[in-house]
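Open the structure and keep the sequence beside it.

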Protein chains: 2
Amino acid sequence: MKVLITSGGTTEKIDSVRGITNHSTGNLGKLIAERFLAQGHEVSLVTTKQAVKPEASSLLHTYIVSTVDSLLTTMEPLVKSHDLVIHSMAVSDYTPVYMTDLDDVLSSEDLTKLLTKSNQESKISSQADYQVLFLKKTPKVISLIKQWNPDICLIGFKLLVNVSRDELFSVARASLQKNQADYILANDLNEITSKQHHAYLLSDNQISEAFTKQEIADVIYEQVTHND
Amino acid sequence: MKVLITSGGTTEKIDSVRGITNHSTGNLGKLIAERFLAQGHEVSLVTTKQAVKPEASSLLHTYIVSTVDSLLTTMEPLVKSHDLVIHSMAVSDYTPVYMTDLDDVLSSEDLTKLLTKSNQESKISSQADYQVLFLKKTPKVISLIKQWNPDICLIGFKLLVNVSRDELFSVARASLQKNQADYILANDLNEITSKQHHAYLLSDNQISEAFTKQEIADVIYEQVTHND
(Lines give C-alpha, C1' and ligand atoms only; values in the text may rest on other atoms or scores of the structure.)
Protein backbone atom coordinates (compact mmCIF):
# COMPACT_ATOMS: atom_id res chain seq x y z
CA MET A 1 0.00 0.00 0.00
CA LYS A 2 1.27 3.51 -0.82
CA VAL A 3 0.67 5.70 2.23
CA LEU A 4 0.80 9.49 2.30
CA ILE A 5 1.17 11.07 5.75
CA THR A 6 1.26 14.76 6.65
CA SER A 7 2.73 15.92 9.97
CA GLY A 8 4.00 19.00 11.79
CA GLY A 9 2.42 22.46 11.55
CA THR A 10 2.45 25.04 8.77
CA THR A 11 3.76 28.61 9.19
CA GLU A 12 2.36 31.62 7.35
CA LYS A 13 4.77 34.54 6.97
CA ILE A 14 3.99 37.97 8.38
CA ASP A 15 7.32 39.30 7.09
CA SER A 16 10.79 37.90 6.59
CA VAL A 17 11.41 37.41 10.31
CA ARG A 18 7.97 36.62 11.78
CA GLY A 19 5.24 34.12 11.03
CA ILE A 20 2.05 32.61 12.43
CA THR A 21 2.73 29.01 13.36
CA ASN A 22 0.41 26.13 14.15
CA HIS A 23 2.21 24.24 16.87
CA SER A 24 2.82 20.58 16.19
CA THR A 25 5.88 18.52 17.02
CA GLY A 26 5.25 15.88 14.36
CA ASN A 27 5.55 13.08 16.96
CA LEU A 28 2.22 11.46 16.09
CA GLY A 29 2.85 11.56 12.32
CA LYS A 30 6.28 10.02 12.94
CA LEU A 31 4.81 7.11 14.92
CA ILE A 32 2.14 6.50 12.28
CA ALA A 33 4.79 6.54 9.54
CA GLU A 34 6.94 4.09 11.51
CA ARG A 35 3.96 1.75 12.01
CA PHE A 36 3.43 1.47 8.26
CA LEU A 37 7.15 1.36 7.40
CA ALA A 38 7.66 -1.53 9.85
CA GLN A 39 5.13 -3.57 7.87
CA GLY A 40 6.88 -2.88 4.57
CA HIS A 41 4.54 -0.22 3.23
CA GLU A 42 5.89 2.66 1.15
CA VAL A 43 5.41 5.98 2.98
CA SER A 44 5.51 9.53 1.63
CA LEU A 45 5.78 12.00 4.51
CA VAL A 46 4.90 15.65 3.92
CA THR A 47 6.21 17.59 6.91
CA THR A 48 8.04 20.70 8.08
CA LYS A 49 11.68 21.49 8.76
CA GLN A 50 10.97 21.72 12.50
CA ALA A 51 8.95 18.50 12.88
CA VAL A 52 10.53 15.29 14.19
CA LYS A 53 10.94 12.64 11.50
CA PRO A 54 11.41 8.86 11.29
CA GLU A 55 14.88 7.49 10.55
CA ALA A 56 15.80 7.31 6.89
CA SER A 57 14.55 4.21 5.09
CA SER A 58 14.42 3.11 1.45
CA LEU A 59 10.63 2.93 1.88
CA LEU A 60 10.37 6.53 3.16
CA HIS A 61 10.17 9.64 0.97
CA THR A 62 10.13 12.95 2.83
CA TYR A 63 8.82 16.24 1.42
CA ILE A 64 9.40 19.50 3.33
CA VAL A 65 6.77 22.24 3.17
CA SER A 66 6.27 25.42 5.21
CA THR A 67 3.15 27.33 4.11
CA VAL A 68 -0.36 26.19 3.11
CA ASP A 69 0.52 27.15 -0.47
CA SER A 70 3.55 24.87 -0.54
CA LEU A 71 1.47 22.13 1.12
CA LEU A 72 -1.17 22.35 -1.64
CA THR A 73 1.41 22.25 -4.44
CA THR A 74 3.20 19.29 -2.88
CA MET A 75 0.06 17.36 -1.95
CA GLU A 76 -1.90 17.41 -5.22
CA PRO A 77 0.34 15.07 -7.28
CA LEU A 78 1.03 12.88 -4.24
CA VAL A 79 -2.66 12.41 -3.43
CA LYS A 80 -3.22 11.26 -7.02
CA SER A 81 -0.58 8.54 -6.71
CA HIS A 82 -1.31 7.10 -3.24
CA ASP A 83 -3.85 4.64 -1.81
CA LEU A 84 -4.21 6.15 1.64
CA VAL A 85 -3.69 9.64 3.08
CA ILE A 86 -3.36 10.32 6.81
CA HIS A 87 -3.60 14.08 7.13
CA SER A 88 -2.37 14.79 10.67
CA MET A 89 -0.67 18.11 9.87
CA ALA A 90 -1.83 21.21 11.77
CA VAL A 91 -2.64 23.49 8.83
CA SER A 92 -2.93 27.27 9.23
CA ASP A 93 -6.54 28.44 8.91
CA TYR A 94 -5.53 32.02 8.11
CA THR A 95 -2.68 33.74 6.32
CA PRO A 96 -1.53 37.35 6.80
CA VAL A 97 -2.68 39.91 4.22
CA TYR A 98 -1.54 43.25 5.61
CA MET A 99 -0.13 44.58 8.87
CA THR A 100 -0.22 48.25 9.81
CA ASP A 101 -0.25 50.67 12.74
CA LEU A 102 -3.49 51.08 14.66
CA ASP A 103 -3.51 54.79 13.74
CA ASP A 104 -3.67 53.83 10.07
CA VAL A 105 -6.70 51.68 10.75
CA LEU A 106 -8.41 54.32 12.91
CA SER A 107 -7.97 56.96 10.23
CA SER A 108 -9.10 54.73 7.38
CA GLU A 109 -12.49 55.61 5.93
CA ASP A 110 -12.99 52.21 4.36
CA LEU A 111 -11.32 49.39 6.22
CA THR A 112 -11.99 46.88 3.44
CA LYS A 113 -9.50 48.82 1.30
CA LEU A 114 -6.76 47.69 3.70
CA LEU A 115 -7.49 44.11 2.62
CA THR A 116 -6.20 44.94 -0.85
CA LYS A 117 -2.90 46.26 0.48
CA SER A 118 0.26 44.29 1.16
CA ASN A 119 3.43 45.08 3.08
CA GLN A 120 6.26 46.17 0.79
CA GLU A 121 8.87 46.37 3.52
CA SER A 122 10.84 43.20 4.34
CA LYS A 123 10.63 43.70 8.09
CA ILE A 124 7.58 45.58 9.32
CA SER A 125 8.51 48.50 11.57
CA SER A 126 7.99 48.13 15.30
CA GLN A 127 7.45 51.70 16.45
CA ALA A 128 3.70 51.93 17.07
CA ASP A 129 2.18 50.89 20.40
CA TYR A 130 -0.50 48.87 18.64
CA GLN A 131 -0.56 47.12 15.30
CA VAL A 132 -3.35 45.47 13.37
CA LEU A 133 -2.93 42.36 11.27
CA PHE A 134 -5.53 41.48 8.65
CA LEU A 135 -5.76 37.79 7.76
CA LYS A 136 -7.66 35.81 5.16
CA LYS A 137 -8.85 32.23 5.22
CA THR A 138 -6.62 29.64 3.56
CA PRO A 139 -7.96 26.87 1.29
CA LYS A 140 -9.05 23.80 3.30
CA VAL A 141 -6.60 21.15 2.07
CA ILE A 142 -8.68 18.28 3.48
CA SER A 143 -11.68 19.27 1.37
CA LEU A 144 -9.62 18.99 -1.84
CA ILE A 145 -8.25 15.48 -1.29
CA LYS A 146 -11.24 13.48 -2.60
CA GLN A 147 -11.60 15.95 -5.47
CA TRP A 148 -8.01 15.19 -6.46
CA ASN A 149 -8.45 11.42 -6.03
CA PRO A 150 -11.93 9.99 -5.30
CA ASP A 151 -10.45 6.50 -4.79
CA ILE A 152 -8.01 7.40 -2.03
CA CYS A 153 -8.80 6.36 1.55
CA LEU A 154 -8.81 9.58 3.59
CA ILE A 155 -8.13 9.84 7.32
CA GLY A 156 -8.63 13.41 8.52
CA PHE A 157 -7.81 14.90 11.93
CA LYS A 158 -9.95 17.17 14.07
CA LEU A 159 -8.38 18.87 17.08
CA LEU A 160 -10.71 20.78 19.37
CA VAL A 161 -10.00 22.37 22.73
CA ASN A 162 -11.96 21.73 25.92
CA VAL A 163 -15.22 20.40 24.44
CA SER A 164 -17.60 17.62 25.50
CA ARG A 165 -17.37 14.18 23.92
CA ASP A 166 -20.70 14.82 22.22
CA GLU A 167 -19.47 18.02 20.62
CA LEU A 168 -16.21 16.36 19.58
CA PHE A 169 -18.15 13.52 17.90
CA SER A 170 -20.60 15.89 16.26
CA VAL A 171 -17.81 18.03 14.76
CA ALA A 172 -15.94 14.90 13.65
CA ARG A 173 -19.07 13.48 11.96
CA ALA A 174 -19.65 16.79 10.18
CA SER A 175 -16.06 16.60 8.90
CA LEU A 176 -16.56 12.97 7.70
CA GLN A 177 -19.49 14.17 5.60
CA LYS A 178 -18.15 17.49 4.39
CA ASN A 179 -14.74 16.19 3.33
CA GLN A 180 -15.92 12.70 2.24
CA ALA A 181 -13.41 11.34 4.73
CA ASP A 182 -13.34 7.62 5.51
CA TYR A 183 -12.15 8.25 9.05
CA ILE A 184 -11.69 11.24 11.32
CA LEU A 185 -9.26 11.08 14.22
CA ALA A 186 -10.94 13.31 16.80
CA ASN A 187 -9.07 14.64 19.81
CA ASP A 188 -9.14 17.38 22.43
CA LEU A 189 -5.99 19.37 23.27
CA ASN A 190 -6.91 19.12 26.98
CA GLU A 191 -6.48 15.35 26.74
CA ILE A 192 -3.02 15.48 25.21
CA THR A 193 0.03 15.46 27.49
CA SER A 194 3.60 14.29 26.94
CA LYS A 195 2.54 10.79 28.12
CA GLN A 196 -1.09 10.48 27.08
CA HIS A 197 -3.03 11.23 23.94
CA HIS A 198 -6.71 10.38 24.16
CA ALA A 199 -8.40 10.15 20.75
CA TYR A 200 -11.27 8.54 18.86
CA LEU A 201 -11.13 7.20 15.32
CA LEU A 202 -14.57 7.65 13.82
CA SER A 203 -15.97 6.23 10.61
CA ASP A 204 -19.59 6.25 9.44
CA ASN A 205 -20.42 3.18 11.46
CA GLN A 206 -17.65 2.68 14.00
CA ILE A 207 -15.68 4.34 16.80
CA SER A 208 -12.31 3.14 18.15
CA GLU A 209 -10.63 4.69 21.17
CA ALA A 210 -6.92 5.20 21.86
CA PHE A 211 -5.05 6.57 24.86
CA THR A 212 -1.49 7.13 23.62
CA LYS A 213 0.12 8.25 20.36
CA GLN A 214 1.34 4.69 19.80
CA GLU A 215 -2.20 3.36 20.27
CA ILE A 216 -3.47 5.92 17.76
CA ALA A 217 -0.89 4.68 15.23
CA ASP A 218 -1.93 1.07 15.95
CA VAL A 219 -5.67 1.75 15.68
CA ILE A 220 -5.24 3.56 12.36
CA TYR A 221 -3.01 0.80 11.00
CA GLU A 222 -5.41 -1.96 12.04
CA GLN A 223 -8.47 -0.23 10.64
CA VAL A 224 -7.09 0.51 7.21
CA THR A 225 -5.29 -2.82 6.71
CA HIS A 226 -8.23 -4.83 8.10
CA ASN A 227 -10.48 -3.24 5.50
CA ASP A 228 -8.08 -3.97 2.66
CA MET B 1 33.66 35.12 33.70
CA LYS B 2 29.93 34.39 34.09
CA VAL B 3 28.35 34.68 30.64
CA LEU B 4 24.63 34.95 29.94
CA ILE B 5 23.55 34.14 26.36
CA THR B 6 20.06 34.29 24.86
CA SER B 7 19.25 32.40 21.66
CA GLY B 8 16.33 31.17 19.56
CA GLY B 9 13.12 33.13 18.97
CA THR B 10 10.15 33.83 21.22
CA THR B 11 6.56 32.86 20.41
CA GLU B 12 3.50 34.87 21.46
CA LYS B 13 0.28 32.86 21.68
CA ILE B 14 -2.77 33.75 19.60
CA ASP B 15 -4.71 30.86 21.14
CA SER B 16 -3.86 27.39 22.39
CA VAL B 17 -2.91 26.09 18.95
CA ARG B 18 -1.45 29.13 17.15
CA GLY B 19 1.26 31.65 17.88
CA ILE B 20 3.36 34.38 16.31
CA THR B 21 6.93 33.17 16.12
CA ASN B 22 10.18 35.00 15.50
CA HIS B 23 12.20 32.56 13.46
CA SER B 24 15.62 31.70 14.84
CA THR B 25 17.34 28.34 14.86
CA GLY B 26 19.61 29.15 17.80
CA ASN B 27 22.69 28.10 15.80
CA LEU B 28 24.59 31.34 16.41
CA GLY B 29 23.85 31.38 20.16
CA LYS B 30 25.00 27.75 20.35
CA LEU B 31 28.33 28.55 18.70
CA ILE B 32 28.89 31.55 20.96
CA ALA B 33 28.09 29.45 24.03
CA GLU B 34 30.50 26.72 22.88
CA ARG B 35 33.26 29.32 22.32
CA PHE B 36 33.04 30.48 25.95
CA LEU B 37 32.53 26.97 27.39
CA ALA B 38 35.65 25.73 25.58
CA GLN B 39 37.69 28.35 27.46
CA GLY B 40 36.27 27.26 30.82
CA HIS B 41 33.77 30.08 31.29
CA GLU B 42 30.46 29.45 33.04
CA VAL B 43 27.55 29.94 30.61
CA SER B 44 23.85 30.45 31.32
CA LEU B 45 21.85 29.94 28.14
CA VAL B 46 18.31 31.31 27.93
CA THR B 47 16.68 29.70 24.91
CA THR B 48 13.55 28.03 23.51
CA LYS B 49 12.40 24.42 23.28
CA GLN B 50 12.85 24.48 19.50
CA ALA B 51 16.33 26.06 19.37
CA VAL B 52 19.46 23.95 18.90
CA LYS B 53 21.59 23.75 22.03
CA PRO B 54 25.20 22.92 22.96
CA GLU B 55 25.96 19.49 24.44
CA ALA B 56 25.45 19.21 28.20
CA SER B 57 28.40 20.42 30.30
CA SER B 58 28.92 21.07 33.99
CA LEU B 59 29.67 24.69 33.03
CA LEU B 60 26.38 25.11 31.12
CA HIS B 61 23.03 26.02 32.67
CA THR B 62 20.07 26.08 30.28
CA TYR B 63 16.81 27.96 30.87
CA ILE B 64 13.84 27.40 28.56
CA VAL B 65 11.48 30.30 27.82
CA SER B 66 8.74 30.78 25.22
CA THR B 67 7.11 34.22 25.49
CA VAL B 68 8.54 37.70 26.10
CA ASP B 69 6.93 37.57 29.56
CA SER B 70 8.76 34.38 30.48
CA LEU B 71 11.96 35.85 29.02
CA LEU B 72 11.68 38.94 31.25
CA THR B 73 11.02 36.90 34.40
CA THR B 74 13.92 34.55 33.66
CA MET B 75 16.38 37.28 32.61
CA GLU B 76 16.08 39.76 35.47
CA PRO B 77 17.75 37.67 38.22
CA LEU B 78 20.28 36.24 35.74
CA VAL B 79 21.35 39.66 34.45
CA LYS B 80 22.01 40.70 38.06
CA SER B 81 24.37 37.77 38.65
CA HIS B 82 26.40 37.71 35.41
CA ASP B 83 29.37 39.70 34.05
CA LEU B 84 28.46 39.61 30.36
CA VAL B 85 25.21 39.23 28.45
CA ILE B 86 25.05 38.32 24.75
CA HIS B 87 21.46 38.90 23.75
CA SER B 88 21.12 37.14 20.39
CA MET B 89 17.52 35.98 20.87
CA ALA B 90 14.93 37.11 18.29
CA VAL B 91 12.37 38.66 20.64
CA SER B 92 8.76 39.26 19.56
CA ASP B 93 8.04 42.98 19.12
CA TYR B 94 4.27 42.50 19.44
CA THR B 95 1.94 40.20 21.32
CA PRO B 96 -1.69 39.37 20.40
CA VAL B 97 -4.41 41.22 22.30
CA TYR B 98 -7.63 40.20 20.53
CA MET B 99 -8.62 38.40 17.35
CA THR B 100 -12.04 38.69 15.79
CA ASP B 101 -13.98 38.46 12.52
CA LEU B 102 -13.65 41.35 10.08
CA ASP B 103 -17.43 41.94 10.35
CA ASP B 104 -17.03 42.60 14.06
CA VAL B 105 -14.41 45.23 13.28
CA LEU B 106 -16.45 46.83 10.48
CA SER B 107 -19.51 47.14 12.71
CA SER B 108 -17.59 48.50 15.69
CA GLU B 109 -18.24 52.16 16.44
CA ASP B 110 -15.09 52.58 18.48
CA LEU B 111 -12.25 50.32 17.39
CA THR B 112 -10.14 51.18 20.43
CA LYS B 113 -12.69 49.31 22.57
CA LEU B 114 -11.59 46.11 20.84
CA LEU B 115 -8.15 46.64 22.41
CA THR B 116 -9.66 46.06 25.84
CA LYS B 117 -11.20 42.73 24.82
CA SER B 118 -9.59 39.32 24.97
CA ASN B 119 -10.47 35.97 23.47
CA GLN B 120 -12.26 33.71 25.93
CA GLU B 121 -12.38 30.69 23.63
CA SER B 122 -9.40 28.29 23.68
CA LYS B 123 -9.30 27.91 19.91
CA ILE B 124 -10.53 30.87 17.90
CA SER B 125 -13.18 29.90 15.36
CA SER B 126 -12.16 29.70 11.71
CA GLN B 127 -15.41 30.39 9.88
CA ALA B 128 -15.04 33.99 8.69
CA ASP B 129 -13.32 34.80 5.40
CA TYR B 130 -11.27 37.51 7.06
CA GLN B 131 -10.07 37.97 10.60
CA VAL B 132 -8.38 40.85 12.33
CA LEU B 133 -5.70 40.47 14.97
CA PHE B 134 -4.90 43.39 17.29
CA LEU B 135 -1.40 43.38 18.75
CA LYS B 136 0.39 45.49 21.33
CA LYS B 137 4.08 46.29 21.70
CA THR B 138 6.06 44.11 24.09
CA PRO B 139 8.61 45.54 26.57
CA LYS B 140 12.07 45.93 24.99
CA VAL B 141 14.15 43.47 26.99
CA ILE B 142 17.46 44.94 25.78
CA SER B 143 16.55 48.36 27.20
CA LEU B 144 16.09 46.87 30.70
CA ILE B 145 19.40 45.06 30.97
CA LYS B 146 21.58 48.01 32.13
CA GLN B 147 18.77 49.12 34.44
CA TRP B 148 18.88 45.72 36.10
CA ASN B 149 22.69 45.65 36.25
CA PRO B 150 24.66 48.80 35.24
CA ASP B 151 27.97 46.89 35.58
CA ILE B 152 27.19 44.10 33.13
CA CYS B 153 28.85 44.14 29.69
CA LEU B 154 26.00 44.15 27.15
CA ILE B 155 26.22 42.84 23.60
CA GLY B 156 22.99 43.49 21.73
CA PHE B 157 21.95 42.26 18.28
CA LYS B 158 20.35 44.20 15.47
CA LEU B 159 18.94 42.32 12.49
CA LEU B 160 17.72 44.41 9.58
CA VAL B 161 16.57 43.28 6.15
CA ASN B 162 17.96 44.59 2.87
CA VAL B 163 19.47 47.90 4.01
CA SER B 164 22.67 49.73 3.08
CA ARG B 165 25.76 49.41 5.27
CA ASP B 166 25.33 53.06 6.29
CA GLU B 167 21.78 52.47 7.48
CA LEU B 168 22.81 49.28 9.29
CA PHE B 169 25.58 51.16 11.11
CA SER B 170 23.35 54.09 11.91
CA VAL B 171 20.64 51.87 13.43
CA ALA B 172 23.28 49.89 15.34
CA ARG B 173 24.84 53.11 16.75
CA ALA B 174 21.41 54.35 17.83
CA SER B 175 20.92 51.05 19.65
CA LEU B 176 24.34 51.35 21.36
CA GLN B 177 23.23 54.71 22.77
CA LYS B 178 19.62 53.98 23.58
CA ASN B 179 20.30 50.70 25.35
CA GLN B 180 23.69 51.67 26.83
CA ALA B 181 25.07 48.62 25.03
CA ASP B 182 28.82 48.02 24.93
CA TYR B 183 28.60 46.30 21.55
CA ILE B 184 25.95 45.77 18.89
CA LEU B 185 26.23 42.87 16.47
CA ALA B 186 24.67 44.30 13.32
CA ASN B 187 23.58 42.07 10.47
CA ASP B 188 21.31 41.96 7.44
CA LEU B 189 19.07 38.95 6.77
CA ASN B 190 19.99 39.17 3.07
CA GLU B 191 23.58 38.39 4.02
CA ILE B 192 22.78 35.28 6.02
CA THR B 193 22.74 31.89 4.29
CA SER B 194 23.34 28.37 5.59
CA LYS B 195 27.07 28.81 4.88
CA GLN B 196 27.70 32.52 5.37
CA HIS B 197 26.74 35.05 7.99
CA HIS B 198 28.09 38.53 7.34
CA ALA B 199 28.03 40.76 10.43
CA TYR B 200 29.70 43.75 12.09
CA LEU B 201 30.46 44.08 15.79
CA LEU B 202 30.23 47.77 16.65
CA SER B 203 31.33 49.56 19.80
CA ASP B 204 31.60 53.30 20.37
CA ASN B 205 35.03 53.43 18.80
CA GLN B 206 35.54 50.22 16.86
CA ILE B 207 34.09 47.97 14.15
CA SER B 208 34.99 44.30 13.56
CA GLU B 209 33.72 42.29 10.63
CA ALA B 210 32.85 38.60 10.43
CA PHE B 211 31.71 36.37 7.57
CA THR B 212 30.49 33.17 9.24
CA LYS B 213 28.68 32.30 12.48
CA GLN B 214 31.92 30.82 13.83
CA GLU B 215 33.76 34.06 13.05
CA ILE B 216 31.04 36.02 14.85
CA ALA B 217 31.52 33.81 17.93
CA ASP B 218 35.29 34.31 17.69
CA VAL B 219 35.10 38.09 17.24
CA ILE B 220 32.77 38.45 20.24
CA TYR B 221 34.97 36.21 22.37
CA GLU B 222 38.13 38.09 21.46
CA GLN B 223 36.64 41.53 22.04
CA VAL B 224 35.20 40.87 25.47
CA THR B 225 38.15 38.85 26.81
CA HIS B 226 40.71 41.26 25.34
CA ASN B 227 39.04 44.10 27.26
CA ASP B 228 38.97 42.17 30.54
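Begin with B:N162, which sits in the loop between β9 and α5 of chain B. Helices (H or I, at least four residues) and strands (E, at least two) are DSSP runs, numbered from the N terminus. B:N162 is not a glycine, yet its phi is positive, at about 60 degrees. Its relative accessibility is 54%, so B:N162 counts as exposed. Here buried means under 20% relative accessible area, exposed over 50%, and partly exposed in between (1.4 Å probe, protein chains only).

A word on the source: this is a predicted model, where local features need pLDDT of at least 70 and side-chain atom pairs count only at pLDDT 80 or more, while totals for chains, interfaces and linings use all residues. Residues are numbered from 1 along each chain as its sequence is written, chains are lettered from A and ligands numbered from 1 in the order in which they are written, and side-chain values use heavy atoms, with hydrogens and water left out.

Now follow helix α5 of chain B, residues 165-178. It has 14 residues and spans 20 Å from first C-alpha to last, close to the 20 Å expected at 1.5 Å a residue. That expected span is 1.5 Å times one less than the number of residues. Which residues of α5(B) are buried? They are B:L168, B:F169, B:A172, B:S175 and B:L176. Seen down the helix axis, they fall within an arc of 125 degrees, so they line one face of α5(B). The arc is taken from the directions from the helix axis to the C-beta atoms. An α-helix has 3.6 residues a turn, so residues three or four places apart point the same way.

The buried residues of α5(B) pack against α4, β9, β10, β11 and β12 of chain B. Contact means heavy atoms within 4.5 Å. The face turned away from the buried side carries the exposed residues B:D166, B:Q177 and B:K178. Just after α5(B), B:Q180 takes a positive phi of about 50 degrees. In chain A, A:Q180 lies in the loop between α5 and β10. A:Q180 also has a positive phi of about 50 degrees, although it is not a glycine.

Finally, compare the copies. A rotation of 180 degrees, with 0.0 Å of shift along its axis, superposes chain B on chain A (RMSD 0.0 Å). The two copies are thus related as by a two-fold rotation axis. Superposition is by least squares on the C-alpha atoms of residues with pLDDT of at least 70 in both. Of the interface residues of chain B, 100% are also interface residues in chain A, so the copies meet through the same surface.
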